[in-house]
Amino acid sequence: MSTLKHLPTRVEVVEVGPRDGLQNEAAPIALQTKIELVERLAAAGFANVEAAAFVSPRWVPQMADSAELMARIARRPGTVYSALVPNARGMEAALAAGAGEVVVFSAASEAFAQRNINCSIAESIARFEPVAAMARDAGVKLRGSISCALGCPYQGEVQPAAVAEVTQRMVDLGCDSVDIADTIGVGTPGAVQAVFEATSRVLPLARQAGHFHDTYGQALANVLAALEIGVARFHASVAGLGGCPYAKGATGNLATEDLLYMLHGLGLHTGVDLDSVVDAGAFISDALGRASHSRAGRALRLRRAGAASE
Ligand code: HMG
Ligand code: MG
């Protein structure tokens, strides 16, 4: 049991590997592999698997088979299959595909918004108004993601007040929850706490999540810093898959296996079976023909192999 005080006892981990991870893979991945990955992750116990993106296939070719994937996965009761949408057209497709939650996205940096979605922050929020109305009518949850909340590859520093301002816009739009995303993984623990302190003034922390990429090896420390101030929902990507097509050099999200190893070590409850996630990480790493980026995933597999040969 943890000696750290005041941590939330229950933490929700949102698995974003099938979307945030795979979107960055240049070589086409077989649909069947993607389906098996999503099914394995749901079976591991995640309450939310970000499975698809209904974006322009010209921009993100790897997500072009999202409708087929959503149609063919065997759905596990209790798991929400969430999908990213950039506009009303994407929203129509996400609703038709039975997404349980849709994710709209903007940035805390103007320069990044232009590169990622080809418009200003204000324009992007306006573009999402019809999307939000459609989500309300359909009774589907709406989540807002704020990229570059801890730094921008084009603009450099990003002020916590700028993140809070976009959070407010997302709340006004009707988002049920907001993700604070460190797209390029530059944030450090003090900066993470400063951002959440700013955003907590416009939205309770219970409705926010930390989405940390691990480019500078800070993601786990950033999770702990966020836990300490009351954030209890985090995103992670199995085998540390990913990067960002519009943020050069950015690596994948924090690896799910590493996050679960830490959370369970702290005695915190996630409802997710780490061993099954390790297997899912091995499955997708083998399919991609490379080693997993998860250190806990690799170590746990080695430990198993050692135990089996004794
Ligand atoms: P655009 O080129 O400015 O505008 O794209 P457009 O309206 O002219 O559309 C271009 C083409 O896409 C057209 O087709 C449209 O019909 C089509 P064409 O005439 O060239 O054949 N199109 C669509 N096709 C399918 N589904 C749609 C759709 N909409 C248009 N929904 C647009 C504007 C927003 C569409 C484009 O910029 C886009 O799709 N961007 C998505 C970028 C993206 O997915 N980025 C990665 C996700 S964000 C992320 O990973 C960050 C996150 O993880 C948090 C973090 O870490 O920061 C969430
Ligand atoms: Mg991301």
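This is a predicted model: local features need pLDDT of at least 70, side-chain atom pairs count only at pLDDT 80 or more; totals for chains, interfaces and linings use all residues.
Local features were taken at pLDDT of at least 70 and side-chain atom pairs only at pLDDT 80 or more, while totals for chains, interfaces and linings use all residues, and side-chain values rest on heavy atoms, with hydrogens and water left out. Residues are numbered from 1 along each chain as its sequence is written, with chains lettered from A and ligands numbered from 1 in the order in which they are written.

Two packed helices are described by the angle between their axes and the distance between the axes. Helices here are DSSP runs (H or I, at least four residues), numbered from the N terminus; axes are lines fitted to C-alpha atoms over the stretch in contact, and angles between N-to-C directions run from 0 to 180 degrees.

Helix α4 (residues 88-96) packs against helix α7 (residues 129-138) at about 20°, and the two axes are 9 Å apart. The pair is therefore roughly parallel (angles under 35 degrees). The crossing of α4 over α7 is right-handed, that is, the near helix is turned clockwise from the far one by less than a right angle. On the α4 side, A88, M91, E92 and L95 meet P130, V131, M134, A135 and A138 of α7, where contact means heavy atoms within 4.5 Å. These residues comprise 8 nonpolar, no polar and 1 charged (Ala, Val, Leu, Ile, Met, Phe, Trp, Tyr, Cys and Pro count as nonpolar, Asp, Glu, Lys and Arg as charged, and the others, Gly among them, as polar).

For helix α9 (residues 189-199) and helix α10 (residues 219-228), the angle is about 40° and the axes are 8 Å apart. The two helices are therefore oblique to each other, the class left after roughly parallel, roughly antiparallel (over 145) and roughly perpendicular (65 to 115). P189, V192, Q193 and F196 of α9 touch A221, N222, A225, A226 and E228 of α10, giving 6 nonpolar, 2 polar and 1 charged residues.

Helix α2 (residues 31-44) and helix α12 (residues 274-288) pack at about 170°, with axes 9 Å apart, which means that α2 is roughly antiparallel to α12. Their contact has 8 nonpolar, 2 polar and 3 charged residues.

Turning to the ligand, 27 residues surround ligand 1, the closest being R58, R89, N118, S147 and T183; a residue is counted if one of its heavy atoms lies within 4 Å. Polar contacts (pairs of N or O atoms within 3.5 Å) include one between the side chain of S56 and a ligand 1 oxygen atom at 2.9 Å. The side chain of H213 places an N or O atom 3.0 Å from an oxygen atom of ligand 1, and a polar side-chain atom of N116 lies 3.0 Å from a nitrogen atom of ligand 1.

Notes:
A polar contact is a pair of N or O atoms within 3.5 Å; within protein, one must be able to donate a hydrogen and the other to accept it, and residues adjacent in sequence count only if both atoms are side-chain atoms.
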